[in-house]
Amino acid sequence: MKAFHFALISLAAVVLSFSQVTAQERDPREICGDIIGKALRTIEKRDDNSERAERYYICSLSNSAVRTHTKTMESEAGGGGGSFDIPGLFSIDGKGEGSTSAGLTDDRINKWKAQKCEETSKAVNQSSAVYALREQLTPEQVKAWEACILASTPTIVNDLKCFADPSRNEIAFRANWRSNVGLNPPIDSIFISRNGKREDIKTSNGELRAGNNLFVVPRIGVGDHLFALTAHSAGSTFDCTVLVPGKIEPELSDKNFAPIVGNWCGNESNSSFVGGVREFAVHDGGDRVIFKFRPISRYYPPVLPGTPAYVPYEQKERGSTVEASFPFTTVRPGLIGTIEPIELFENNHRFNDETKQWQIIPSNGKYIRFVQLIRKQGTELWWFRIKVSMDSEDAPIPVDVPDMENKMRTVNPLIFRAC
């Protein structure tokens, strides 16, 4: 409810700004950006995505608006509002100390923009700030910003504005066309660009219709997705560009399992799980990873006389959901691993009747252990199982095998994709 009130107040303030003194000569779109600025200043926990949104937002502002934004940050920090930082431009530690907005000359701001602003269009930078901040913004705040952008051209003859609705697997781009003379301009070009590779988008009718024109494209990879549309009518050209920044994920580690949390599917059974599994869900258990899956029951046909003792099993129906958890540790940046329990796998183990525990029988003074390794490779989850020799039966966590990367190249990982 608080977020909804914030959005209403923000929108009301923006509408009031449009109706007040025009002598201020502020760019109407810049006024809409105030919604983003307020949201940025109220984020409690900042991450790479919010920092990127801050950069896009600053790039969308005039130099005077940059100083206004930093002055507000300054006053809020001085009043116990926390610390703020715009790398290379402005920082304050929450106690009123640090660089000040008074030191932000045009020369200093221009140099920062020349180094940091990848896009020159203020409109593209502002929308990029919104989509980079999408997970921190409420739906009401996004709607307030969109309503403000549409209201920024109150006297409409012909007007084109573009927005995006990004999700995990696809992005819906909306080209909002308004014409008070009933024009339906033909589309000259429409494309999506990912990692610099352009792909034309097919349209059903080849023209813009009144209202929202929807174009849905798959979200491929974790990089930026740039949407561009150009149309013309009556000697005029109409265009819009929307950049949806790629999501910056914190690196996988034993302190951050978030990059692999979700549902995963593969084409092969993972025999490392009891009963084998092709689909599983990963949950963050704090100090361990929790796996939930439905194992495939196994049926072993009778061994006929004269045949080897081992007969491949036949896979039957899936059983009930099983939950298993393992403590993983960081082996390399972006790579986590765990030692398999002794009793689960083929490591020359035996059950000691006296101690009632499983133990490994050493070979040439070495103990065979198996290491499970997980890496996030782009949008895929790669799962390795590697045989290693240890000096101790009780191999500790963390795993520290000097030639781990070389060992990983000798095995084919199981590859899973989000499902």
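Which residues is W145 in contact with, leaving aside its neighbours within four places in sequence? In this predicted model, W145 is in contact with R29, C32, I35, I36, Q126, S127, V130, Y131 and F163, once those neighbours within four places are left aside. The protein has eight helices and 22 strands, and of its 419 residues, 41% count as buried. Among the contacts between residues at least 6 apart in sequence, 58% join residues that are at least 24 apart.

**The nonpolar cores**

- The largest nonpolar core has 59 residues, and those with the most contacts inside it are W145, L160, F173, F227 and L229.

**L229 in strand 8**

- L229, which is one of the residues with the most contacts inside the largest nonpolar core, is found in strand 8.
- Because its relative accessible area is 1%, and the cut-off for buried is under 20%, L229 is counted as buried.
- Not counting residues up to four places away in sequence, L229 touches L160, A175, S189, I190, L208, F215, F238, D239 and C240.
- One of these residues, I190, lies 39 residues from L229 along the chain, while the C-alpha atoms of L229 and I190 are separated by 4.4 Å.

- Helix 2, which spans residues 28-42, is mostly covered, with eleven of its 15 residues buried.
- The buried residues of helix 2 are R29, E30, I31, C32, G33, I35, I36, G37, A39, L40 and R41, and the contacts of W145 include R29, C32, I35 and I36.
- I36 is found in helix 2 and counts as buried at 2% relative accessibility.
- Leaving aside its neighbours within four places in sequence, I36 is in contact with Y57, Q126, A129, V130, L133 and W145.
- I36 and A129 are 93 residues apart in sequence, and their C-alpha atoms are 7.6 Å apart in space.

**Helix 3 against helix 6**

- Helix 3 (residues 48-59) and helix 6 (residues 122-132) pack at an angle of about 160 degrees, with their axes 8 Å apart.
- Helix 3 and helix 6 are therefore roughly antiparallel to each other, the cut-off for that description being an angle over 145 degrees.
- The crossing of helix 3 and helix 6 is left-handed.
- On the side of helix 3 the contact is made by N49, A53, Y56, Y57 and C59, and on the side of helix 6 by K122, N125, S128, A129 and A132.
- Sorted by class, the contact of helix 3 with helix 6 has six nonpolar, three polar and one charged residues.
- N49, a residue of helix 3, counts as buried at 9% relative accessibility.
- The C-alpha atoms of N49 and P245 are separated by 8.9 Å, although these two residues are 196 residues apart along the chain.

**Helix 3 against helix 5**

- Helix 3 also packs with helix 5 (residues 106-116), at an angle of about 125 degrees and with their axes 10 Å apart.
- That angle makes helix 3 oblique to helix 5, and the crossing of helix 3 and helix 5 is left-handed.
- The contact is made by R55, I58 and C59 of helix 3 together with W112, K113 and K116 of helix 5.
- By class, the contact of helix 3 with helix 5 has three nonpolar, no polar and three charged residues.
- C59 is listed in the contact of helix 3 with helix 6 and also in the contact of helix 3 with helix 5.

- Most residues other than glycine have a negative phi.
- The phi of N195 is near 50 degrees, a positive value in a residue other than glycine.
- N195 is found in the loop between strand 5 (187-194) and strand 6 (197-200), and N195 is exposed, with a relative accessible area of 65%.
- The phi of A234 is likewise near 50 degrees, a positive value in a residue other than glycine.
- A234 is found in the loop between strand 8 (225-233) and strand 9 (236-244), and A234 is exposed, with a relative accessible area of 71%.

How values were computed. Residues are numbered from 1 along each chain as its sequence is written. This is a predicted model: local features need pLDDT of at least 70, side-chain atom pairs count only at pLDDT 80 or more; totals for chains, interfaces and linings use all residues. Side-chain values use heavy atoms; hydrogens and water are left out. Buried means under 20% relative accessible area, exposed over 50%, partly exposed in between (1.4 Å probe, protein chains only). Helices (H or I, at least four residues) and strands (E, at least two) are DSSP runs, numbered from the N terminus. A nonpolar core is a set of buried Ala, Val, Leu, Ile, Met, Phe, Trp, Tyr and Cys residues joined through side-chain atoms within 4.5 Å. Contact means heavy atoms within 4.5 Å. Axes are lines fitted to C-alpha atoms, for helices over the stretch in contact, and angles run from 0 to 180 degrees between N-to-C directions. Angles under 35 degrees count as roughly parallel, over 145 as roughly antiparallel, 65 to 115 as roughly perpendicular and the rest as oblique. A crossing is left-handed if the near helix is turned anticlockwise from the far one by less than a right angle, and right-handed if clockwise. Ala, Val, Leu, Ile, Met, Phe, Trp, Tyr, Cys and Pro count as nonpolar, Asp, Glu, Lys and Arg as charged, and the others, Gly among them, as polar.
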